[in-house]
Amino acid sequence: MADTASSTRAASAAAIDRVAWAVDGLSVELPSWGFVNTGTRFRVFPQAGVPRTVFEKIDDAATVNRYTGIAGSVALHIPWDRVDDFAGLSAYAAERGLRIGGINSNTFQDEDYKFGSLCHPSAAVRSKAVAAIVECCEIAARTGSRVVKVWLGDGTNYPGQDDLRQRRHRLVAALREIYPHLPGGVRMFLEYKLYEPAFYSTDVQDWGQALSVSRLVGDRATVCVDIGHHAMGVNIEQIVAILLAEGRLGGFDLNDKKYGDDDLMVGSIDPYQLFRITHELVNAMRDDGDPVAQRCARDTVYMIDQCHNIEPKMPAMIRSVMNLQEVFAKALLVDREALLAAQAAGDVLEANRALADAFATDVRPLLAELRTARGLPADPYRAYLESGDDAAREAARAGGSAAGWG
Ligand code: PSV
Ligand code: MN
């Protein structure tokens, strides 16, 4: 009996060691725009307590970090988060334990961009869009950010509306013009999306397009995978594996979807898909035989890109960070030696079981123990709900105008 108890304790200590990276190594980036009022094109349901300024967005991100301990950076979206003094903004974030993460460019909300930005038929509009993204490069320098992220709303709505091949040439030329403005060491992420706002063709519509363009632009141009930006049934983990093999995976925009780009909480619809994606990342991080993929996986940025339209934003963000952490913990539990041995032996069922067993493990007690040992709440979500911080946030922000997507 005593033997069984001690071997159970040893197994649990070993499991805790294996998942520790999810608490000590994983770093999740929060989007400044994840705390503001958002909705669909049909209705925005405003919430009490949402930030009114970029400083209050950073305060919210800092709160999420205080509860979870792994959300140490906040991404900005320009012009939504434009301030006069970006170095000052970066210092404000640092005082609250945060770093400024990716600078997200916005070339989709200006009247001039009706027919596109970098791919627009007019050279004048293309130059304006190039200047907007060059400004993001400058902001990256001033804030110490390591990433400039480019997502384009560019595309066409009707066959014949524009020349698809010329649009591609314009895209490559414009990105080549921007690239030399990246500060040293800063990477460019090119984010693809299947459709929306364009409904017939999208200029950067899939990972193949993003990868091939990145190659034409430069070594520090990489691909950003937004989980919601794929057609139904697409094997996203395989895309991730290929991008890792190519050394061109930059980062993720994390969310989940049921149908289109629904921007639901990461891991809320298909946690098994998220697990399969994180497995590819953990597998690459552990693969000493593939240094390109290993380095790429270690440098990958995990940013949340969600809208909380009907759910309270702060607990939703905390839950999202925890969802990702839990799925990573499961991926860390995969018995890699057993998996490789089963794969080498052609043992399909055992190979699959190595993944299925890890996914089926309840990692919540392990994570609770690790968090407690680090002075964090065992359950950050519950701790936030019971803290009174949400009521204080609401009370402090009565009056003024709440921020939104603008
Ligand atoms: C586009 O749908 C997108 O995912 C891009 O990342 C934008 O920058 C972001 O949404 C805005 O929320
Ligand atoms: Mn995105």
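1. Start with the strands: S3 (99-105) and S4 (147-151) each give at least two residues to the lining of the largest pocket. S4 supplies the largest share of that lining, three residues. Bear in mind that this is a predicted model.

2. The largest pocket holds about 1,100 Å³ of space. Its lining runs to 32 residues, with Lys 193, Glu 196, Asp 261, Asp 263 and Trp 405 nearest the centre. By class, the lining splits into twelve nonpolar, nine polar and eleven charged residues.

3. What takes up the space of the largest pocket? That would be ligand 1. Around ligand 1 you'll find Trp 33, His 77, Trp 151, Glu 191, Lys 193, Asp 226, His 229, Asp 253, Asp 261, Asp 305 and Trp 405. This shell has six charged, three nonpolar and two polar residues.

4. Now the polar side-chain contacts. Asp 305 has a side-chain N or O atom 2.9 Å from an oxygen of ligand 1. For Asp 226, a polar side-chain atom sits 3.1 Å from a ligand 1 oxygen, and for Trp 33 the side-chain N or O atom is at 3.3 Å from one. On its own, ligand 1 has 310 Å² of accessible area, and the protein covers 93% of that.

5. Strands S1 (28-31), S3 and S10 (301-304) and helices H9 (271-285) and H10 (291-299) each give two or more lining residues. The classes here are ten nonpolar, seven polar and seven charged.

Conventions: Residues are numbered from 1 along each chain as its sequence is written. Chains are lettered from A and ligands numbered from 1 in the order in which they are written. This is a predicted model: local features need pLDDT of at least 70, side-chain atom pairs count only at pLDDT 80 or more; totals for chains, interfaces and linings use all residues. Side-chain values use heavy atoms; hydrogens and water are left out. A residue is near a molecule or strand if one of its heavy atoms lies within 4 Å of it. A polar contact is a pair of N or O atoms within 3.5 Å; within protein, one must be able to donate a hydrogen and the other to accept it, and residues adjacent in sequence count only if both atoms are side-chain atoms. Accessible areas come from the Shrake-Rupley method with a 1.4 Å probe; for residues, only the protein chains shown count as cover. On a 1 Å grid over the protein atoms alone, a cavity is a set of points where a 1.4 Å probe fits but cannot get out, and a pocket is an open set with protein on both sides within 12 Å along at least five of seven lines; lining residues have an atom within 4 Å of a point. A molecule sits in a cavity or pocket if more than half of its atoms lie within 2 Å of its grid points. Ala, Val, Leu, Ile, Met, Phe, Trp, Tyr, Cys and Pro count as nonpolar, Asp, Glu, Lys and Arg as charged, and the others, Gly among them, as polar. Grid points are joined across faces, edges and corners, and a volume is the space filled by probe spheres set on the points. Helices (H or I, at least four residues) and strands (E, at least two) are DSSP runs, numbered from the N terminus.
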